[in-house]
Amino acid sequence: MPSHSSHPRPKNLTEPLWVRLLLTVVVLSFLLLFLGAPLLAVFVEALSGGIKTYLASFRDPNAWAAIRLSLEVTAIAVVLNTAFGLVAAWLLSKFQFFGKGFLLTLIDLPFAVSPVIAGLIFVLLFGLQGWFGPWLADRNIQIIFALPGIVLATTFVTFSFVARELLPTMQALGREEEEAARVLGASGWKTFFKITLPNIKWALLSGVVICTARALGEFGAVSVVSGHIRGQTNTLPLHIEILYNEYQFHAAFACASLLTVFALVTLVLKAFLEWRTAREIRA
C-alpha cells in the first residue's frame, strides 16, 4: 500500500501576480531614479552646448594629459593586480595553511578602508615628513605628488577585484585536473597554461574589466597623493573636478561622459563574462 505524506502539497509555489508586479515596479523605479537619471543627466549636460562645444572640450592639452595619465596608471595597476590576483587565488583555492582566513581578510581590506585614508597612509609613509620621506629625498626619489604615488594608491584600492573574481571559480573547479596533469609528468608552468588558465580565462577577464573600470574612476586616494598639478599629476576624475569648480560645466560633463561610456561598456562586458564563467563551471 503506497504511503502518503501527512503534509498537503502546496498548490502554488509562486507569489501572487500583484506582489511580483509591485516588486518589479519598486526595483525599476529605484534603478531609474538612482542610476538611469544621473547617467542621462551627464550626457544631456555634456551635449547641451552642441557637438562643437562638446568636441572643443577635448582640445585642452590638460584634458589630454589627464586622459593619458589615467590610462597609464590604469595599465600599470591592472597588470600588478592581475599578477597578484592569480597568485592569491591559486594559493587560497589550492592549499590549506595557517593564516588563510587572515589573508582573505587582508584581500578584502580595500573594501573596508576609505580611499582617502588609503591616500593618507601613503603620504604618511612616503611624504616629505613621512617615515621614508627623508631617505627618499636624500636619493632624489619622489613618490608622493608624482606618478609612483598615484600608481601605488590606485593599485591599493583595486587589488581585491581580480583575486575576488578568480577565487570562487578556482574553488569550484577543484584540483583534480591539475593533479592528473602533474601525475602524467606535466611541469607546473605547463599545467598552469594548459589546464588552469583555460578554465579560469573568463573569470580572469571579468576581474580585469572590473579592476580597469575601478582604476579609471578612482578619485579619493589619488586626490590625496597627486598634488593636483595640472598637466602632470591630474587624472581624468581630478581634471573633471577642477573644471566643475571653475564653472566650466560643458567641459566637465564632456570629460565625465567618457568615464560614463566606459562604465556602461564595463557593465555589459561584466555581464557577458559572468555568464561565460558560469557556463564554464557548469560544463
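This is a predicted model: local features need pLDDT of at least 70, side-chain atom pairs count only at pLDDT 80 or more; totals for chains, interfaces and linings use all residues.

Looked up Glu-246 to start: its relative accessibility is 37%, so I log Glu-246 as partly exposed.

Glu-246 pairs with Arg-230 in a salt bridge, and the closest N and O atoms are 2.1 Å apart. I checked where the two sit: Arg-230 is in the loop between α12 and α13, Glu-246 in the loop between α13 and α14, so 16 residues separate them and the pair links distant parts of the chain. Arg-230 is partly exposed too, at 40%.

Then I searched the whole structure and got three salt bridges. Another one joins Asp-108 to Arg-164, with 2.8 Å between the closest N and O atoms. Asp-108 lies in the loop between α4 and α5 and Arg-164 in helix α9, so this pair ties together parts 56 residues apart in sequence. I get relative accessible areas of 24% for Asp-108 and 32% for Arg-164.

Arg-214 and Glu-218 also make a salt bridge, at 2.5 Å for the closest N and O atoms. Here I find Arg-214 partly exposed at 27%, whereas Glu-218 is buried at 2%.

Next, helix α1. Val-19, Val-42 and Ala-46 are buried in α1. Last entry: a nonpolar surface patch that includes Val-27, Phe-30 and Phe-34 has about 710 Å² of accessible area together; Val-27 is in α1.

How values were computed:
Residues are numbered from 1 along each chain as its sequence is written. Side-chain values use heavy atoms; hydrogens and water are left out. Buried means under 20% relative accessible area, exposed over 50%, partly exposed in between (1.4 Å probe, protein chains only). Helices (H or I, at least four residues) and strands (E, at least two) are DSSP runs, numbered from the N terminus. Patches are made of residues with over 30% relative accessible area and no salt bridge: like charges are joined within 9 Å, nonpolar side chains (Val, Leu, Ile, Met, Phe, Trp, Tyr) within 5 Å. Accessible areas come from the Shrake-Rupley method with a 1.4 Å probe; for residues, only the protein chains shown count as cover. A salt bridge is a side-chain nitrogen of Lys or Arg within 4 Å of a carboxyl oxygen of Asp or Glu.
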